[in-house]
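Morning, everyone. Please have a look at the model on the screen, and then I'll walk you through a few parts of it.

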Amino acid sequence: MRFEISKVLDAIEGRVSTDPSLARAVVDLAEVIRYQDLDGGRPASLLRLGMVIDALARELEEDSIPVYAVVHRALLSDADLTSNERMVVRRWADDGLVEVLDNPGDRMLEVADLLGLPVLTRVRADGLRGRYPWLVEQAGRVLAPVPGAGGPVFIAHVGGGHTPVAGDRSPAGVKLLSRQWRCAEPGCALFGGGGGGGAFADLSRVVERSPAGQPPPTLRGGAPTCPRHGTRLGDGGPRPRSAVLAVRVGGLIRRRFVLTEDQPAVVGRAPDQVGGIVLGQWLNDEARRWISRSHVRFELRVGEVIVTDVSTNGSGIRPGGSMAEADRVPLAPQQSRVLAEGDMVELYPGVQIGRPDELPAGAPYTPTSVMAEAPTMAMRLPR
Ligand SMILES: [Zn+2]
């Protein structure tokens with residue numbers, strides 16, 4: 001049982017991110033884990049984060065939806081969590097996967113405003129307005145499981161002041177995210193300079209945060225400030241370019257990934273490369289036989305996405321996303337091509353990669369649960 005739980009927590013770990021290109025909603029972790037009505041269980045449980053993420057994935061009809069979690073520091077020593085759960089949250093904090101704050105205040109709303117993301121909370125919009133008059137309650141956008149009629153629900157609040165479209169950053173957000181920032185505090189998990197690391201640097205985790213994935217600073221008196229340390233951030237120059245691509249298998253987006261000029265990405269059945277995108281778990285036997293361990297490589301060069309086939313069997317390009325067989329352009333092994341607007345790379349019928357907004361939705365399948373390994377819990381999603 002203990003082993004199963006830690007597998008679920010590992011799966012949830014893949015769904016928390018402070019990367020502005022990947023996060024799809026903002027949550028207050030303390031609120032989510034104490035949402036006891038979700039399962040009627042312990043006063044606090046980290047598994048509830050998985051339930052909320054699942055609900056969001058179903059709502060958005062996409063697998064692997066990361067959330068941006070703001071965490072009150074007291075949670076790292078919360079006695080209502082198991083020691084294993086506390087350890088996991090501390091690890092997320094150390095790795096900068098979540099944002100830990102002494103006093104979160106309305107940072108959750110600030111992040112939502114800067115990034116143009118919905119806030120998932122049980123607090124009704126009128127209780128949250130004030131500094132954020134753009135908060136609106138979207139009818140029919142209830143995102144979390146409801147345990148009973150009239151019971152508490154999570155409500156998506158989306159920005160409406162600067163723009164009616166969720167996912168559009170506020171002007172301040174666009175400005176802040178055009179630069180990279182440096183925190184003077186040594187070892188800052190959010191705005192660290194990379195490298196350094198002191199006596200145990202060789203023992204620290206190899207995966208270094210790319211400045212392209214830095215979270216948005218908080219604004220204090222108009223100055224970009226580290227939300228964790230309260231120190232003013234130094235401007236580290238323009239933020240590196242990045243591009244987001246999505247893998248779609250069987251009509252459903254399974255995951256998104258970020259490309260930077262320093263970090264190409266290899267996609268395949270089971271690539272050996274660090275940061276490789278593994279497709280194996282979504283493929284049927286035939287697709288698994290056809291698709292190579294490493295099948296295609298994506299690079300970002302001067303803002304252009306270049307795809308190179310590195311497979312045995314080759315791939316195809318669907319220009320402008322056209323599904324007509326006559327339009328399909330073969331991409332032979334070792335051949336490269338610039339991925340033009342709307343283009344989709346096809347590794348095998350139904351296995352496609354492209355820019356997420358250009359991959360039409362309409363999924364015939366339900367997303368895979370992040371809770372797959374956990375004891376089953378009854379869930380009901382109001383529509
Ligand atoms: Zn800092």
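I'll take the zinc site, then a helix, a sheet and some salt bridges.

A word on the ground rules. This is a predicted model, so local features need pLDDT of at least 70, side-chain atom pairs count only at pLDDT 80 or more, and totals for chains, interfaces and linings use all residues. Residues are numbered from 1 along each chain as its sequence is written, and side-chain values use heavy atoms, with hydrogens and water left out.

Zinc site. Which residues are the protein donors of the zinc ion? They are Cys183 (SG), Cys188 (SG), Cys226 (SG) and His229 (ND1), at 2.1 to 2.3 Å from the ion. A donor here is an N, O or S atom within 2.8 Å of the metal (3.2 Å for Na, K and Ca); water is not among the atoms, so sites may look incomplete. The spacing of the donor residues along the sequence reads C-x4-C-x37-C-x2-H. Cys188 sits in the loop between strand E7 (179–182) and strand E8 (218–220), and His229 in the loop between strand E9 (223–225) and strand E10 (234–238), so this pair ties together parts 41 residues apart in sequence. Strands and helices are DSSP runs, numbered from the N terminus: E for strands, at least two residues; H or I for helices, at least four.

Now the geometry. The four donor atoms subtend angles of 105 to 117° around the zinc ion, which makes the arrangement tetrahedral. The cut-off for four tetrahedral donors is that all angles lie between 85 and 135 degrees. For reference, the ideal angle for four tetrahedral donors is 109.5 degrees.

Are these residues buried or exposed? Cys188 is buried, at 5% relative accessibility. His229 is partly exposed, at 29%. Buried means under 20% relative accessible area, exposed means over 50%, and partly exposed is in between (1.4 Å probe, protein chains only).

Next, helix H5, residues 107–115. Nine of its nine residues are buried, so the helix is largely enclosed by the rest of the structure. Among them are Arg107, Glu110 and Asp113. Just after H5, Gly116 has a positive phi of about 70°.

On to the sheet. It is open, with six strands in the order E12-E11-E21-E20-E17-E18, paired antiparallel. Strands E12 (252–260) and E18 (329–331) are at the edges with a single partner each, so one side of each has no neighbour in the sheet. Pairing takes at least two DSSP bridges between two strands. E11 (residues 242–249) and E21 (residues 351–354) have four bridges. Ala246 stands opposite Gly354 in E21.

Last, salt bridges. How many does the structure hold? There are 24. The criterion is a side-chain nitrogen of Lys or Arg within 4 Å of a carboxyl oxygen of Asp or Glu.

Take Asp102 and Arg228, at 3.7 Å, N to O. Asp102 lies in the loop between strand E3 (99–101) and H5, and Arg228 in the loop between E9 and E10, so this pair ties together parts 126 residues apart in sequence.

Asp272 and Arg293 form another, with the closest N and O atoms 3.0 Å apart. Asp272 is exposed, at 63%. Arg293 is partly exposed, at 41%.

Then Arg318 and Glu346, at 2.9 Å, N to O. Arg318 is in strand E17 and Glu346 in strand E20, 28 residues apart. Both residues are buried.

Technical notes: Four donors count as tetrahedral if all angles lie between 85 and 135 degrees; four count as square planar and six as octahedral if opposite donors are over 155 degrees apart and all others between 65 and 115; anything else is irregular.
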